[in-house]
Amino acid sequence: MALMDGTTEVIRLRFVSGASNWVINDGGVDDFGAGQDYVADTTLVFSFTYNGGSSYDYSFGTGSGTDYT
């Protein structure tokens with residue numbers, strides 16, 4: 001899943017086949033763990049809050065993050 005600012009991707013949430021957890025990339029070089037393990041056939045809720053400037057919060061299943069930039 002990607003969140004876009006016009007035509008520019010700013011957040012990508014994804015699962016890489018063979019891994020054990022979901023990852024997020026917010027424009028940096030590396031992905032970081034989203035705090036949610038991969039479990040087949042499981043419904044998950046993703047919530048994203050833009051705080052202004054370059055700050056955001058998210059929650060995804062059992063994972064969350066506050067004041068990311």
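This report describes strands, salt bridges and aromatic pairs in one protein structure. The model is predicted.

**The sheet of β5, β6 and β7**

Three strands form an open sheet in the order β5-β6-β7, and their pairing is antiparallel. Its edge strands are β5, covering residues 46–52, and β7, covering residues 63–68, each of which pairs on one side only. From one strand to the next, the twist averages 10 degrees.

Strand β6 spans residues 55–60 and is joined to β5 by 6 bridges, the two strands running antiparallel. Within this pairing, S47 has S59 of β6 as its bridge partner. Strands β6 and β7 also pair in the antiparallel sense, over 4 bridges. Here S59 has S64 of β7 as its bridge partner.

**Salt bridges**

Side chains of opposite charge can pair when their charged atoms come close. The structure holds 2 salt bridges. One of them joins R14 to D31, with the closest N and O atoms 2.6 Å apart. This pair links distant parts of the chain, as R14 lies in strand β2 while D31 lies in the loop between β3 (21–25) and β4 (32–37), 17 residues apart. The other salt bridge is formed by E9 and R12, whose closest N and O atoms are 2.6 Å apart.

| Residue | Relative accessible area | Class |
|---|---|---|
| E9 | 35% | partly exposed |
| R12 | 36% | partly exposed |
| R14 | 34% | partly exposed |
| D31 | 29% | partly exposed |

**Aromatic pairs**

A pair of aromatic rings is described by the distance of the centres and the angle of the planes. A search of the whole structure finds 5 aromatic pairs. Among them is the pair of F15 and W22, whose ring centres are 5.9 Å apart; their planes stand at 55 degrees, so the pair is tilted. F15 has a relative accessibility of 25% and therefore counts as partly exposed.

Another of the pairs consists of F48 and Y56, with ring centres 5.3 Å apart. The planes of F48 and Y56 lie at 25 degrees, so this pair is stacked; the cut-off for stacking is an angle under 30 degrees. F48 counts as partly exposed because its relative accessibility is 32%, whereas Y56 is buried, with a relative accessible area of 5%. The limit for a buried residue is a relative accessible area under 20%.

There is also an aromatic cluster, formed by F15, W22, Y38, F46 and F60. F15 and W22, described above as a tilted pair, both belong to this cluster.

**The loop between β1 and β2**

T7 is found in the loop between β1, residues 2–5, and β2, residues 8–15. Its relative accessibility is 79%, so T7 counts as exposed; the exposed class requires a value over 50%. T7 and G65 are 58 residues apart along the chain, and their C-alpha atoms are separated by 25 Å.

Notes: Residues numbered from 1 in each chain as written. Predicted model: local features only at pLDDT ≥ 70, side-chain atom pairs only at ≥ 80, totals over all residues. Heavy atoms only, no water. Buried < 20%, exposed > 50% of the residue type's maximum accessible area, 1.4 Å probe, protein only. Salt bridge = Lys/Arg side-chain N within 4 Å of Asp/Glu carboxyl O. Pairing = 2+ DSSP bridges. Axes fitted to C-alpha atoms, helices over the stretch in contact; angles between N-to-C directions. Phe/Tyr/Trp six-rings, centres within 6.5 Å; stacked < 30°, edge-to-face > 60°.
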